[in-house]
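Hello,

Here is the structure I promised to pass on to you. Have a look at it first, and then read on for my notes.

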Amino acid sequence: MADPLISSTGKAGLTVLGISIAGLTPQIDAGVLVAATFGALIFVFTNKEYSLLVRWLLLIPSIVAGITAAPLTASLITVATPDEVKARLPIGALVASAVVVKVLMSFASDPGAVFRALLSSVSSLFKGGGNAK
């Protein structure tokens, strides 16, 4: 019979560790912390560009980035959606933690690529992409 990936003792230890960290940071909203953690796990499980060890090492920075960028990301989502939709901070944390590390890693590998993509998307707006008649 195969051993489980994490034993029940390990799961209990991780749970206690998570609760302890959440208790030590009372200024962080619990929903934002949980959403940032799940966003970071989405990054770890779906990004196949990096090795498994690198992805697990990027888990903590992804959580921190998700918590930090949650207000900005939530406001960007609110602006991009219809007026009756208002993104809350946990949604911003989930999206930010899943995306921000990937964006930063691609920026670190080729800083010009981010600016070229941004410039091409902005220039396409002005090249007759509108609905003018």
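The secondary structure comes to 6 helices and 0 strands, where helices (H or I, at least four residues) and strands (E, at least two) are DSSP runs numbered from the N terminus. Read along the sequence, that gives the pattern α-α-α-α-α-α.

Before the details, please keep in mind that this is a predicted model, in which local features need pLDDT of at least 70, side-chain atom pairs count only at pLDDT 80 or more, and totals for chains, interfaces and linings use all residues. Residues are numbered from 1 along each chain as its sequence is written, and side-chain values use heavy atoms, with hydrogens and water left out.

Overall picture

The protein has 133 residues, and buried ones make up 20% of them. Buried here means under 20% relative accessible area, exposed means over 50%, and partly exposed lies in between (1.4 Å probe, protein chains only). Among contacts (heavy atoms within 4.5 Å) with a separation of 6 or more, 56% join residues 24 or more positions apart.

The nonpolar core

A nonpolar core is a set of buried Ala, Val, Leu, Ile, Met, Phe, Trp, Tyr and Cys residues joined through side-chain atoms within 4.5 Å. The largest one here has 14 residues, of which F43, L59, I63 and A93 touch the most other members. Helix 2 (30-46), helix 4 (59-80) and helix 5 (89-109) each give two or more residues to this core, and helix 2 provides the largest share, 7 residues. In general, nonpolar side chains tend to be buried together in soluble globular proteins.

Not counting residues up to four places away in sequence, L59 touches A40, L41 and V44. A40 belongs to helix 2 and is buried, at 0% relative accessibility. Leaving aside neighbours within four places in sequence, A40 is in contact with L59, S62, I63 and S97. A40 also lies 7.7 Å from L94, C-alpha to C-alpha, although the two are 54 residues apart in sequence.

Two residues of helix 5

S97 is found in helix 5 and is buried, with a relative accessible area of 0%.

With neighbours within four places in sequence set aside, L89 is in contact with V32, A70, P71 and A74.

A pocket is an open set of points on a 1 Å grid over the protein atoms alone, where a 1.4 Å probe fits, with protein on both sides within 12 Å along at least five of seven lines; lining residues have an atom within 4 Å of a point. The second largest pocket holds about 170 Å³ of space, and is lined by A69, L72, T73, L76, V95, A96, V99, V100 and V103. Helix 4 and helix 5 each supply at least two lining residues, with the largest share, 5 residues, coming from helix 5. By class, the lining has 8 nonpolar, 1 polar and no charged residues.

Happy exploring!

How values were computed: Points joined across faces, edges and corners; volume = space filled by probe spheres on them. Nonpolar A, V, L, I, M, F, W, Y, C, P; charged D, E, K, R; others polar.
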